[in-house]
Amino acid sequence: GSTVGILGGGQLGRMIANAGSAMGYRFITLDPTPDSPCGQVAEQIIAEYDDRDAARQLADQADVITYEFENVDAGVAAMLMEQSYVPQGSELLYTTQHRLREKRAIEASGVRVAPYSEVASKDELRAAVAAFGLPCVLKTATGGYDGKGQWVIRSESEIDEAFDSLAEARTELVLEQFIRFEKELSVIAARNPQGEIRTFPAAENIHVDNILHLSIVPARVEDAVQREAERLAARIAEGLGVVGLIAVELFLTSDGELFVNELAPRPHNSGHYTMEACRTSQFEQHVRAVCGLPLGDASLLTPVVMVNVLGEHVEPLLERMAAVDETAERLGAAPKVHLYGKHEAKHKRKMGHVNVLAADVDAALTWIAETNIWRA
Ligand code: ATP
Ligand code: MG
Ligand code: MG
């Protein structure tokens, strides 16, 4: 069998390795943290991500290389491409590492993003705020996640402070118009080197404190909106020449308009529901795509709600497992618990998730409410 190398050893790597192991592949991961979530189920090279010697070692041992986060050092990516097979290439990384490049690429594939403007100074920021109106969102072009590296500007008096605070990151800044969305959706599309594209059903996402809390599938939107979201994701996969997965986050307005928020060139938290709810999971699909296999059937088998298990949820979940199972039986829901093997259950840290399968999403949501574990 072939060996797949994964840059990054977090939970996404672990779930890629678990899915790929079931298909006969071996896995080796590169991650600085000993006993990483992926290292527990695969071989691990313990080194920093930008360690060239370690990357060379990974390339030597792997037939195919993929990554589970998008901030891969460009030099390391180039080196890996010379020494091994990196089907996803480095272009997709280069594009999605930077919000401005990413937005331009999305627009070039004919898909709309929220109106935005690059801002290089306070004067430019003031002008852009005046053009978009308040509120608006200032973001660093690189490095942000879970809402870090952004500032919602609600009054003109915040402009100076917002600029100074984000300018510390020493990257370009982008101002976005605030979209008064009715819902946030995401669609994961897969594309293999042969150019075949499949999309997973759109998820409706609910965030708490900028961290994903729930993914509800089917999304509670009109069928036409679901289809349009899926069509846009396929178009982006095509336009960017994606290999592997591309996760597309979208805003849906009350007029039924869709705007892309951002992309992630990898399995996505909002796609964890596919593990039990789709014929092919996003992780299996990713392995199929990077290994050049035909893509799997991505269709939905059952309604599902994915709820994230953060540090503060682990203890109550484990303590109340019996009661929680009873509730599930009463509601006809089937909660599938996934934990990532992380050692420290820090507050807000993603420790696992539960995929709640049920006859409809309301029954799954009722289970989540009645367990009293997620008191959002
Ligand atoms: P992630 O953890 O998903 O990578 P991130 O830090 O990269 O998050 P974004 O996805 O850009 O940040 O924004 C986080 C959240 O903030 C969005 O899911 C959305 O709820 C809100 N948000 C971001 N940009 C806008 C906008 N232009 N208008 C309205 N809300 C926005
Ligand atoms: Mg992001
Ligand atoms: Mg996001």
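1. Pro218 sits in the loop between β12 (211-217) and α8 (223-239). The peptide bond that joins Val217 to Pro218 is cis, with omega about 0°. Helices (H or I, at least four residues) and strands (E, at least two) are DSSP runs, numbered from the N terminus. This is a predicted model, in which local features need pLDDT of at least 70 and side-chain atom pairs count only at pLDDT 80 or more, while totals for chains, interfaces and linings use all residues. Residues are numbered from 1 along each chain as its sequence is written, and chains are lettered from A and ligands numbered from 1 in the order in which they are written.

2. A cis peptide bond also joins Leu134 and Pro135, and its omega is about -10°. Pro135 is placed in the loop between α6 (122-132) and β6 (136-140).

3. Asp146 is not a glycine, yet has a positive phi of about 45°. The loop that holds Asp146 runs between β6 and β7 (150-153).

4. The division into domains gives domain 1 (3-86), domain 2 (115-177) and domain 3 (183-371); the bounds come from an automatic or database domain assignment. Taken over C-alpha atoms, the centres of domain 2 and domain 3 are separated by 29 Å.

5. An unreviewed UniProt entry places the feature "domain: ATP-grasp" at residues 103-291. UniProt positions are given in the numbering used here, feature names are shortened, and annotations may be inferred rather than shown by experiment. In the model, residues 103-291 are 30% helix and 31% strand, and the end C-alpha atoms of the span lie 28 Å apart.

6. Helix α1 (residues 11-21) packs against helix α10 (residues 282-290) at an angle of about 70°, with the axes 8 Å apart. Axes are lines fitted to C-alpha atoms, for helices over the stretch in contact, and angles run from 0 to 180 degrees between N-to-C directions. α1 and α10 are therefore roughly perpendicular to each other. Angles of 65 to 115 degrees count as roughly perpendicular, under 35 as roughly parallel, over 145 as roughly antiparallel and the rest as oblique. Met15, Ile16, Ala19 and Gly20 of α1 make the contact with Phe283, Glu284, His286 and Val287 of α10; two residues are in contact if their C-beta atoms, placed from the backbone, lie within 7 Å. By class, this contact of α1 with α10 has 5 nonpolar, 2 polar and 1 charged residues. Ala, Val, Leu, Ile, Met, Phe, Trp, Tyr, Cys and Pro count as nonpolar, Asp, Glu, Lys and Arg as charged, and the others, Gly among them, as polar.

7. The axes of helix α2 (residues 52-61) and helix α3 (residues 74-83) come within 9 Å and cross at roughly 30°. That makes α2 roughly parallel to α3. Arg52, Ala55, Arg56 and Ala59 in α2 meet Val76, Met79, Leu80 and Gln83 in α3. The residues of this contact of α2 with α3 comprise 5 nonpolar, 1 polar and 2 charged.

8. Helix α12 (residues 321-331) and helix α13 (residues 361-371) have axes that come within 10 Å and cross at roughly 150°. That makes α12 roughly antiparallel to α13. On the α12 side the contact is made by Val324, Thr327, Ala328 and Leu331, and on the α13 side by Ala363, Thr366, Trp367, Glu370 and Thr371. The contact of α12 with α13 divides into 5 nonpolar, 3 polar and 1 charged residues.
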